[in-house]
Amino acid sequence: MNVIETQNLTKDYGEGRGIFDLNLSVKEGEMMGYVGTNGSGKTTTIRHIMGFLKPTSGTVFVTGLSSWEHSSEIVKKIGYVPGEIAFPDLKTGIDFLKCQADFLGLHDMTYANTLIERLQLDPRANLKRMSKGMKQKTALVAALMNDAPIIILDEPTTGLDPLMRAAFLDIIREEHKKGKTIFMSSHSFDELETTCDKVALINDGHIIDICNMQDIRSRSIKEFKIEFHTKEDYLRFLSENYEKTRLQEQYNQVTIRVGADAASQLLGVLKHYNVKFISELPYTLEMHFKNILFSNLNKEQKNKTISNF
Amino acid sequence: MFSKALFKQSCKANGTMWGIITAAVCFMLACVMLISGNGNIGEVKDSIEDTIIVKEVDAQMQKRALSYYADAEDGLKTFDAQFSNCASDTLSYLVWCSEMPKQTDFTDGAVYAAAMQAWQDAMPEMKTEAGQSYAAAVTQWQAAMPAQDSFSSVEDYLAAIDTWQEASPATQEQAVTAAYAAACDALQNEITQNAQAAGYKKDSLEAQEMLGSVMYTLNPNGMFNDFYTENKEEIPADYDILSLIAHISTKDIDDYLTSDERTSYRYDRAANGAAIFLSGNMLKSENVDALMDALSSYGVTAEKYDSFGYTYDSIKHMAKTVVVTYQGRLDYELELLRDQYTDGASFDETAYQNAAAKKKDDLAADIATSFLSTLPASVSDALEEIGQADLYTLIVGSIFYKLAGLLLPIIYMIMASNNLISGQVDSGSMAYVLSTSTKRSTVVFTQAVYLIGSLFAMFSLTTVTGCICLSFVPEDITLTYGNLILLNVGAFFVLLALSGLCFFTSCIFDRSKRSMAIGGGLSIFALVAAMLGLFGSPVIPSVVRLEALNYFNYTTIISLFDVISIIEGRDAFIWKYAILAALGLLGYLAGAVRFTKKDLPL
C-alpha cells in the first residue's frame, strides 16, 4: 500500500519555477530519499504532502486521503521536521516541547525523554540562543515524540557536525526499523545512499529518476583504477582486452570497466605487471545521477541541434 | 474551533508585551486624570474667565451708574422746571397781594374804588395747579380775617388778628414751600409714568430705583439724610432753590434754567447722587443677586463676585469716573451736533433734540459697554468659549482617549496581530501548529479570540483605573462614571476596527514585513490623521484651533469615536460604534476565510 502517493502533482509558480507532473509513491515501511539541488522543488513537494500548499493540478494522497482537503487529519500520522527551523515565540525548549505535546494531546513524555537523552539535548536552553544543531535536535524530538507512523524530514542534517549527523541518522534508521515510513529530503547523496531504500532525484521541478538502492549496491559492472610503475607496463596493459573508460598517460593510470564476475580474472592478469596500486571506484548514487543528468543534457542538446536545423 | 494549547501559546508569546503596554496605558491615564484633576490645568483659562467676568460686572455697574445719573439729571431738570413754574405763580400772586391798595392811602372813596378795581384786574393768572391752590388758600385766608364786630374787646380782636396773621400763607416762605411740594409731586408722577412707559410696574425694583436715583439726589427736606449717614457720606447741602427764586424775581428764570451755571450744578449734583446711590445699593445683597442673575451665563457666583473685591469706595469711584467721562464726551458731541444743525442763522431745534437723545443713548451704551461686545465677534466668541471650556473633559476625553491612550494599544495591536499569523507563517513556526492536526480555521479563530480578548482585557483595566482615578478627583468635574466607561468602550471599538484591518493583512500576506507595513501603516495613519484632525476639531477652543486640519477628521475611522456626542449626552455615538464594530468583525472574517484557503510556505 502506498502511504504517500503523488499523482501528476504540479505547482506552477510561473517562469519555469515550481514542480511539474510529479509522480512519486512511498510504500508503507519504506524509507525514501529525495535529492536535488537547491531550488529544485524538494521543499515544495514536501509542503504539498503536508497539505500546506494547494496543487495547481494533480493530487497528493497520504494514507489514501487527499492532503489538501484533509490536511488536519493526515498530519496526525506525520511527524514533520521543517527545512527552516523557526520555533514559536516561546522561552525554552521545554516550553516548546510541552506546547507541542499539548497540541498533540500527548501526556506521556517518556519517549520524548529518551529521545532527548539519545540526542544529548539540553531542552532547558533558551530557544533563541540555540545553535542550529540544537534547534534541529529539538525539532526532531518534536516530530518523533508522538510516534507517528510517517516521518517527513526536510534536509534534516544540514548544519550538523559529522558526529551529530551520524547520531541523527542512527535515530532515523532505528525509527525505520520499527516499521515507520520515512520520507527524507537532502542534497547530500552519501547519507541517502547509506540509509534509504529508494531515492528520487528531482531537478528543475521534474523527477529525473527514481532508483532502488539495492540495484546500485549490487551492480554487476565495476570500475577499477590501476597505476603502473613503468611506462612499459602501462602501454602493455593497454593492449589487454578491457573496456577502458579513462586513460591518464602522465600518471601511467588506466580506468577499466569489468563485470563483477570478471574481477578475479583481472587480478590474475595483473600478476604479470608491476602495479603501483589498484582501487575499485564504487558506483555511487552521485555517479548514477550524474550519468543520468549528463545523458539527459546530451539528449536535450541533440534535440536543440535538431530543432535548430 | 478553539485550541486551548494555541491560546496558551499566544498568551505566552505576547503576554509580556501586553502587560507592559497595559501598565503603561493605565499609568498614563492615572497621571492625566489625577494631575489635571487637581486643578493645575488652565490657569490661563481661569484668568481669562475672571477678566471677562470682572469686565462684565464693571460694565453692568457702569451701565447702572449712567442710568442713575441720567435719571437723576432728568429728574432735577424736571424739578427745576416745575419748581420755577410753580414758584413764579405763587410768588407773583404774593407780590400782587402785597400790592393791594390800602384804604388809608386814599382820601377819595371813588379813587380808591378805581385803584381797587385796577388792582383786581391786574391779578396774575395762575398757570399751575399749585398757583391756583395757593391763590385759593390766600383768598380763603383773607376771607377768614377776623371781623372787629364779633369781638367784644379791642384786645381780643388784636390777639385774633395776630393769630390770623401768623397763619398767613401770604409769605414768601409759604409760597416757596407750596411750589416745592408741588414740584416734588409732579416729579414723582413723571418718574412713575416714565417707569411705566419703560414697562416697569409701579412697585417694581426698577421703578423704585428710578425714583430713588432722583429723590436721593434731590434729598428734599433732608428726607434721605439717613441714607447718606449710613454710607458715611457727608449730607449734601439742600438743593439750591434760592438762586431759582432770585432769578424768578429778576424775571430771567427761563434763561437761567438753561444756563451753563445751572446745568453744571445739576450735573454735579446728579453725578454725586448717582455714584453714592449706586455704591450704597451694591452693598445690598438683593441688588448683588440681581446683578448675578444678569451675568449667570458667565458662571458668576456670589463667591466669585466677592473674590473680585468690590468695595463701596471702588464702586463709587468707578461710577463717578464713568459719569464724568460720559458727561464730558456728551458735551463735546452735543456741541458738534449743534454745529451740524445750525444752518447759518436758522437752527433746527426738533432735529437737534432727536439727534441729541439718540447720541445720549449711544454714548451711554458705548461707555458702559460690556467687554466682550467691544471685541470683534470671533474674538469675543473665542474668549467666551475659553472661559466656558471644560478643560478636564477635553484632556481626558479627547486628548487622552483619542490620541495618547490609543497610541500604545495600537502599537500592541499591530505587533500582536502580526505575530499571531503572518509572523508565524513568515518564520515557519506555524508549521509546528499545523502539523499537529490543528485545523487552519481553529488556528485563525483562536488567534482572533486572543487578539480581541487581549484588547478587551486591556480596556477593561483602563476602565477600572479610570474609575478609581475619577473617585479621587475633586467633585466639581463634569466627567461622569458613565461617560468614562463609554469612552473606554469607544476606544475598544476603535481598536477592534483597526485590529480587524491588521488581522486581515496578517492573514493575507505571507511576509510579515508586508503585513506590518500595510496593516500597521494604515492604522498609524488613522491615528496620525486623528491627531492632526483634533487640532481642527470643535473640541479645541477656537483660539488655538486650526480649521484647515479639520479635513483630516474625514480621512480616519477614529472620527467614528464620537467623544463630543458622548460628553454632550447625545445618541449619535451608538451607530458610529456599531460601524466600528462591524468593520472590525468584517476584517476578522475576511482574514479568516482567506487564511483557510491560501498556500502556506511552511
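## Helix α20 of chain B

In this predicted model, helix α20 (residues 481-508) of chain B has 28 residues, which at 1.5 Å a residue should span 40 Å; the C-alpha atoms at its ends are 41 Å apart, in agreement with that value. The expected span is 1.5 Å times one less than the number of residues, and helices (H or I, at least four residues) and strands (E, at least two) are DSSP runs numbered from the N terminus. Of the 28 residues of α20(B), 22 are buried, so the helix is mostly covered. A residue counts as buried if 20 or more other C-beta atoms, placed from the backbone, lie within 10 Å of its own, as exposed if 12 or fewer do, and as partly exposed in between.

## Basis and confidence

Residues are numbered from 1 along each chain as its sequence is written, and chains are lettered from A and ligands numbered from 1 in the order in which they are written. Local features need pLDDT of at least 70 and side-chain atom pairs count only at pLDDT 80 or more, whereas totals for chains, interfaces and linings use all residues.

Chain B has a mean pLDDT (the predictor's confidence in each residue, from 0 to 100) of 83, with 94% of its residues at 70 or more. For the complex, the predictor gives an ipTM of 0.83 and a pTM of 0.69.

## Chain B and Lys402

Chain B contains 23 helices and two strands, and 37% of its 602 residues count as buried. Lys402(B) lies in helix α17 (residues 391-427) of chain B and is buried, with 24 other C-beta atoms within 10 Å.

Beyond its neighbours within four places in sequence, Lys402(B) is in contact (C-beta atoms, placed from the backbone, within 7 Å) with Ala530(B), Leu534(B), Ile558(B), Phe561(B) and Val563(B). The C-alpha atoms of Lys402(B) and Asp562(B) are separated by 9.4 Å, although the two residues are 160 apart along the chain.

## Sheet of chain A

Four strands of chain A form an open sheet in the order β2-β1-β4-β5, with antiparallel pairing. The edge strands β2 (17-27) and β5 (65-66) each have a single partner strand, so one side of each lacks a neighbour in the sheet. Strands pair if DSSP finds at least two bridges between them; five bridges join β1 (residues 2-14) to β4 (residues 57-62) of chain A. Gln7(A) stands opposite Thr59(A) in β4(A).

## Interface

In the interface, 24 residues of chain A are in contact with 22 residues of chain B. On the side of chain A that touches chain B, α3(A) gives the most, with five residues.

Terms used. Two residues are in contact if their C-beta atoms, placed from the backbone, lie within 7 Å.
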